[in-house]
Amino acid sequence: MSRLVIIGNGVAGVTVARHVRKRSDREILIISSETEHHFSRTALMYIFMGHMKFEHTKPYEDYFWQKNRIDLKQGFVCAIDTDAKHLTLASGEQIEYADLVLATGSQSNKFGWIGQDLPGVQGLFNYQDLLLMEENCQSTKRAVLVGGGLIGIEMAEMLLSRGIDVTFLVKEERFWGNILPKEESVLVQKHGEQHGVKFLFNTELHEVVAGDDGRAKSIITKEGDEIPCEFVGLSAGVHPNIDIVSQSKVAVGRGILVNDYLETNIPNVYAVGDCAEIHVEEGRNRIEPLWYTGKMQGEALAKTIAGERTKYERGIWFNSAKFFDVEYQTYGFVGNEPVDNISSFYWQHPEKELCIRINYQTDTQVVTGINTFGIRMRHEVWENWLANSCKLKYVLQHLKDANFDPEFFRRYEQDVINTFNAQNPNSQLSLSPLHWLTKRFTKEQTHAK
Amino acid sequence: MQNNQMAWISPVRKSGLSMFFIGFLVFVGMLFVNNFTLTDNALKNAIGNDTHRQLIQPHLSELMDKTVSNKVTFIESVRSTFSEYDETLNDRYTISSTEIDAIMAEVKGIGHYNLEILPTVFGSVYDESAYKTKKLSDYTGWLAGPQGKPLSEIEQVLREKSAEINANVTDVTNGKRIYAYETGQYIYGLTKNASSGVVAQHTGMFFVLSVLLGTLGALMYIIPDKYTGPAGIKNNNVFTNSATNGGLVGILVTVFLVAVYIALYFFPEYIIEWVSLVDPMFKALNGSGAGSWSIYGFIYTLAIVVMGVRMFIKYRHSKYHIARTSSIIFFQSCFAFLIPEILIKLNQPSTDLKNMWPLDYDFFDAWNLDSLTSSGGVGMFILVWGITLFVVAVPLFTYFFGKRWYCSWVCGCGGLAETAGDPYRQLSDKSMKAWRIERVVIHGVLVFAVIMTGAALYTYFTGVKTLAGIDTYTLRSAYGFYIGALFSGVVGTGFYPKMGNRVWCRFGCPLAAYIGFIQRFKSRFRITTNGAQCISCGNCSTYCEMGIDVRSYAQRGADIVRSSCVGCGVCSSVCPRGVLKLENGAVEAVVDQSKKDDTVQIVQVMTPEEQKAWVN
Ligand SMILES: Cc1cc2nc3c(=O)[nH]c(=O)nc-3n(C[C@H](O)[C@H](O)[C@H](O)COP(=O)(O)OP(=O)(O)OC[C@H]3O[C@@H](n4cnc5c(N)ncnc54)[C@H](O)[C@@H]3O)c2cc1C
Ligand code: SF4
């Protein structure tokens, strides 16, 4: 028997299954407890706001699984026996495996706040959370969000769409301050405020207070301020879901410990996605709780499982998000605080919520990363520039090539160049023209690698 | 802070909605305000053909000079009169055995056969009375008078002769028939002329209370949206609102639209008040006044303009949508609406210059070709223009810009779908099954259109009425009925609130099928996917009006090259990660290795505050 069993039907587990199927004919079974079919967790907010129904968030039609002979089982795995190579489900059923992939994802962080488990207090990670939030918001007028990250801003948008007042407690001095530099933080904050979010910075949750009905009725901050609210959203990050795995012989740290091949300490057992903690020789182990990385890890692992042992290499880093109406993309590395030998060129539109930050090595001028808000950039171009260690002058002069905004949109490359020239009067740069006509009649060009 | 500034929005929107509803109620209500009285005058005005009028008039006698307040009763009585006239035609012109019996009864009374008996038996009111009297007189005149013939012989002769007459009854009745097309015209004309004309006499008032009030209300509902917050994609509650999620309100709208389409295509006599409503406007435009399709053209254009304003506001952050909506409004109001009316006024053949075969399926009809070729320069221009459009313009523009240059920038069907239909785009079926059906059906319609047109042209040039045993005219009318009326109108637009706004364009339009081929196999247009940024959220697929599963491409990082894509650009707008971009060709940069290492002299970097001060 050579059955591959995958625990978790999130993007990581499903990607492994699909790519193993492309390469082999073996039996594949995905066990997951949350929903019968794979859906896109990232779209939870859109279901709540009525942009979509749950069905729309399923990336594959229901017939897909049977057609590709990927067996599905909805159930909760409560024990993993790596010696006998079998799993036990909550229903008591035992399932044997030849290879086991752990793709159990994340859970919302809770930091032991008083009252954190009261009705009306919740995180947002899975489908059940969404149903709960729907229920909790029925009579909610005011909400408090704790922790200033991406899921938090999404919850804020969800709540505001129902006319619920949102107060956002942020531990740091600025929004998403552990990732974004100050200017970008402020831009997002201002935009959030335009939508009606009230931010309280340098503010931490101390306690959630219950009312007579046993539900949350207010929160108290570390400073002792009380804020009345019927809903408390916990969005202070996520951590790997290792509840079950930690009771087995599979080694865990913060997440399930794996090497670059996503192999655990036990042969034939792998971990992938949010739950995996990748060992790093020097420095802190990596946990990558992202959709993109879950997918890339899944692709690499599928090769290994199908017999072609492949390292997971995440390549040029990128990420993207949307804060209400402002889209954000980043390529390469842009730190939240100034770093030695890294300089920043920053441009911001005087009125609109648009900005670009390009970081480069101060001595060589090799570009190391970009943050862009409100202007879409072409992934391949930036990947190419960063992989080729292009220098600042080249990047700025060719910025048009990287634009990915829809047609007819106002373009800002000239404004960016003007700003640079004004800052550096000794070196006047100019945009290299887009060869409109030649581009119209030439075939695709390949990238220099 | 915000709430005070926005306090005015809700009352204005609510009043707007009420005004729209009142306007709508008046609009529908006016269909029921008239009484109907059929008079000699009405009959004369409605039925210009004297023969037809004389044939039908006696049958309508029961309706004459009576006032009917129920429109349905009136119209259906007239209709049943016509259909009874038609159905009983042969019977009525046939001398029946009962009639012979009646004649014989008379004969027995007098003792001999006499021609004066005939009118008393056949009557004198109807056309067939005179006919039967005349025929039998001709055939049996020699039998009349006291000749001492035995009754049995008279009867035998009468029966033989009437059988002889009856044998050729269809020769006679064929000339007496009033065919369906004319019947339709007469019913419409009778209804119009019999109407008490309440709307026609007060068009101004009715226009203000219905169209103007409704339009104003709609704008009051739509425009304040601009002030409810920052620009951006706002699809909140689309799937919880029963108007947009295919629920009850959607169903009611569908029922209304389907009813209107059925009335327009098959029972225009029910909407004569709407025609009167726009009659003065059309008189001013084209010199001759409104027909039953004028009101349709007018409301259609109005819907595109008003809902186009909604597009301007909803997508105010996107120049792409603003540009294509402006284009749609321009082509609808000028090319589809104004120019054809002006051409009529100038006594020229009138046409919508942006429409083309095979969507415009009667372009190659004999009457159109005759009219174009016989009306001088303008006619010839229209003919050459129409052919150039689909032979040259389609391949050329589609090669450079994709199908969108027509389907979401120019076309009227597309224009309605992109404006009035925008609230329904999410209802299209995205399943693989739907895609399979789509390919079979739309290409089937294209084949049908080509065969139908080919056959019509064959008949036009050779004069031979059948091709491979099929009557070319039947083929053409079948196309007009099933595809032209039922598919593109009743289903295509009527079902917006249930099946999405592009049902016709996706499953039925033969022109879309043709342009789609070029887009799929020979065009620079594609939707490109930005690297690996897709989070499979599903917004793009959900809001694709053509039911393309955009996500299935985006999450693989594949370009989207699909024949059905009309390039509306909404997938690109709703994508929360900026993954999708409509592009005319691949615009990819290569790193120029000779320049990439150039450095620049960096003197000092302004702080962001200084920079802002500088920019300001
Ligand atoms: C609201 C929200 C928005 C997000 N937005 C973004 C974004 O914009 N961009 C981005 O990159 N990332 C985003 N993320 C993060 C991203 O969704 C995750 O990184 C990704 O879904 C992780 O995928 P996974 O397959 O590793 O795990 P998961 O998707 O968490 O799947 C794990 C599955 O395993 C099941 N499971 C766990 N234990 C067991 C067990 N013992 N038995 C049976 N089943 C079990 C769970 O029920 C779950 O269904 C977002 C997350 C959330 C919650
Ligand atoms: S909307 Fe964008 S992120 Fe969402 S599925 Fe489509 S392409 Fe992917």
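User: Which helices of chain A each supply at least two residues of the shell around ligand 1?

Analyst: This is a predicted model, in which local features need pLDDT of at least 70, side-chain atom pairs count only at pLDDT 80 or more, and totals for chains, interfaces and linings use all residues. Residues are numbered from 1 along each chain as written, chains are lettered from A and ligands numbered from 1 in the order written, and side-chain values use heavy atoms, without hydrogens and water. A residue belongs to the shell if one of its heavy atoms lies within 4 Å of the ligand, and helices are DSSP runs (H or I, at least four residues) numbered from the N terminus. On that basis the contributors in chain A are α1 (11–23), α5 (150–161) and α7 (291–305).

User: Between which chains does ligand 1 lie, and which residue of chain B is among the closest?

Analyst: Ligand 1 lies between chains A and B. Of the 32 residues that surround ligand 1, the closest include Ala12(A) and Glu34(A), and from chain B, Arg577(B).

User: How far from an oxygen atom of ligand 1 is a polar side-chain atom of Arg577(B)?

Analyst: A polar contact is a pair of N or O atoms within 3.5 Å. For Ser32(A), a polar side-chain atom lies 3.4 Å from an oxygen atom of ligand 1, whereas for Arg577(B) the corresponding distance to an oxygen atom of the ligand is 2.4 Å.

User: Which elements of chain B give two or more residues to the shell around ligand 2?

Analyst: Ligand 2 is surrounded by 13 residues, the closest including Cys534(B), Cys537(B) and Cys575(B). The elements that give two or more residues are α28 (539–542) and α29 (550–554).

Methods: A polar contact is a pair of N or O atoms within 3.5 Å; within protein, one must be able to donate a hydrogen and the other to accept it, and residues adjacent in sequence count only if both atoms are side-chain atoms.
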